[in-house]
Amino acid sequence: MERRLAAILIADVVGYSRLSQIDEEGTRARFQADQDDVFEPAIERHHGRLVKTMGDGLLVEFQSVVDALRCAAAVQQRKATRNAAALPQHRLEFRIGINLGDIIVEGWDIQGDGVNVADRVQALAEPGGIVISGTTYDQVKSKVPVGFASLGEQRLKGITEPVRVYRVLLDPVAAGKTLRTRRRLPMRPLVAGIAAAVILSLAGAALWWQPWIPARSPGLGERFAYPLPDKPSVAVLPFINVSGDTEHDHLAEGLTDDLITELSKVSGLFVIARHSVFALQGSVGKIQDVAAELGVHYVLEGTLQRAGPQLRINVKLIDAVTGLSLWAERYDRQYTDLFAVQDDVIGKIIAALSVKLSARERDQLARIPTENLEAYDYYMRAEQEGFIFRDVDTYRRTLSFYQKAIDLDPGFANAHAGIARVAVDVWRNDYNYLWSAAVARKIAYDAAGQALKLDPNNARAHTVLALLQWVDGRETEARNSANMAVAMQPNDAEAAANLALILVHTGDSGQAVTEMEKALRLDPSPASSFQLLAGIVFYTAGDDQRAISLIEPTLGNLPKVEPAREYLAAAYADQGNDTRAATERAKLLELFPESNLTYYGYLYDYWRDGDLQRHLAGLRKAGIPEWPFGFTGNQADRLGEADLRTLVDGKSWTGKHKNGTDFIQYFDKDGNTAYRSANTNITGTIEVRGDSLCEKFDGYFLDRMVCGYVYRNTTGEQGDRPYIHVTPRALTFFSSAP
């Protein structure tokens, strides 16, 4: 593994997702123009190397940190000139972060803490600005004709130690100077259950005042990234843990989650999703800027301090249109009173914003998730793990936390629903490195059923049930369950997105797009996995360009995720962009060399036929082969029914996979089979159907029977093995003996 010290520059477009939703093709074209005309010439002049583009950003490596800063300054000055001459709606603004640190080199790509710090400090830059780390500042402070403003030490997500951070001042008057500014604490997510009484009174106007109607100030529409909803809109910012102990960070984050979740159950509110508010964690912008970015009228922020059994919680509700603080409250309570504080805060918010609750909503909000605070603690830890496509370690940690919560409180419905959510993902995507498909399916059904038995209104459990019913071919039930999830939690972006997925695959593309747009409005800065799901919905609905604009930016965070490459290859092929389709096909086959159309045909056999055939046609046009490793057998070498029966009747096969794995497979005379390799030991059944050998192994391919062929080996490869067996999952060379 190669390591080296390098200067890393990361640039990212401000509000790219919002701009793409307004004008996908135009935004992409303007980004490409900036890359070609601004970034790449500056990178070349300053001896840098463009490592890769990441959807709406660029990763660049320099041998000299001085060159990196000179390049960044040149880019931002050039961009300022271009933007001045462009229409407002056509302007792209970049944030740039620079760090000098250790990196890991993997071929052309780089990673490591040196890259991570650059990415984190980039997020602190203002639009059109540059922020650098302390290690960068120490090397450039007297060597580049710019000024600096110290932002002090900042705690950056995923970075253990605080990092000194400096804003670069491009004004010539500031050149050579370093200004000291008062440190502002980063705003973090607001607690899920915290907060405060809101008694709003406007002198003389109590009878007619409706707080969710925006004040009519000049230019209001230009300030907000999205039109304000026609109902009270709230963003619960990440609660700040001021305990001086990072051990309590998950408590602050978990409380934020809970508050968002509980408020999301209220149909009379509009509540921004968790990921989009956590994406602003560490931001030093004003509350009004945060609200404008998210498109909300109200912002809730606060702090949490825990000392043993004691809690101190400060909460403030701010009207982002006027900039006024509507109320503030401090709670000094015991940790055991956490849910009581949460209930009080939610009640006061509901009252303050004059929201009427239905009877069901009142019952839902009155429900305490668990009386066991240790179980609640483990549940919050599970929720903070998140869900990363095919990250087995994350899945395992998440499951262990959910299970510990259930062990402490078997009646904790949310924890059962959390396990169901993991299990359905494992089953639907055939991720048998955790459980076999049969086991995952049973766990998902059982856990979702238990969650609904404990809490019939649990939105996540209804969503899981919808996905299970869809894959089982029960379309009507799937739609009903998905709609029920949205009804139970109307502001839940995850529920809306999964409803969109069910709708688009059950014949209602128009409504699916509407639901997906709603989900993206609730979560305007979504996690990469959520954005990938959105791209898949738009692709299935026939909007290839929108799908590409959503999926491409996920590649930076999900570089080895199969569906991202798969759907991009098909979407580009649909568009006739053969070059980009070939690039994605090559990357898919590099990461997953056994990828083939037969495999995808079985994996998605629960799709509607028209959707499946369109997808397979796009993949075929992109160059995905029919069988693993591009195998094409000679018809004359294929074994017929009689020879196949002789080959499997009480015989054992010994051989090797194309990928190098040795295996043994035994067949008895009654159609049973047992397969063993270094990592796998499974049993199943077989059928000979004409010249096809069909196999079913419990837990694989959603328990479907899949068919392949056996050929005489005339390829010259592994010449000591007289036969080749090709299936959707593998290509093997083998010998047969009694």
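These legends describe close-up views of aromatic rings in a predicted model.

**View 1. The ring pair of Y539 and Y567.** The structure contains 19 aromatic pairs. In one of them, Y539 and Y567, the ring centres are 5.3 Å apart and the planes stand at 80 degrees, so the pair is edge-to-face; the cut-off for that class is over 60 degrees. The two residues are 28 apart and the pair links distant parts of the chain, with Y539 in helix α20 (residues 528-540) and Y567 in helix α22 (residues 562-575). Y539 has a relative accessible area of 1%, so this residue is buried. Y567 is buried as well, with a relative accessible area of 4%.

**View 2. The ring pair of F631 and Y711.** F631 and Y711 are also paired edge-to-face, at 5.3 Å from centre to centre and with 70 degrees between the planes. F631 belongs to the loop between α25 (609-622) and α26 (641-648), whereas Y711 is part of strand β21 (residues 706-712), so the pair ties together parts that are 80 residues apart in sequence. Both F631 and Y711 are buried.

**View 3. An aromatic cluster.** Four residues are shown here: Y599, Y600, Y604 and W607. Together, Y599, Y600, Y604 and W607 make up one aromatic cluster.

**View 4. Arginines over aromatic rings.** R546 lies over the face of F538, and the distance to the ring centre is 4.3 Å.

Key. Residues numbered from 1 in each chain as written. Predicted model: local features only at pLDDT ≥ 70, side-chain atom pairs only at ≥ 80, totals over all residues. Heavy atoms only, no water. Phe/Tyr/Trp six-rings, centres within 6.5 Å; stacked < 30°, edge-to-face > 60°. Helix = DSSP H or I, 4+ residues; strand = E, 2+ residues; numbered from the N terminus. Buried < 20%, exposed > 50% of the residue type's maximum accessible area, 1.4 Å probe, protein only. Lys NZ or Arg CZ within 6 Å of the ring centre and 35° of its normal.
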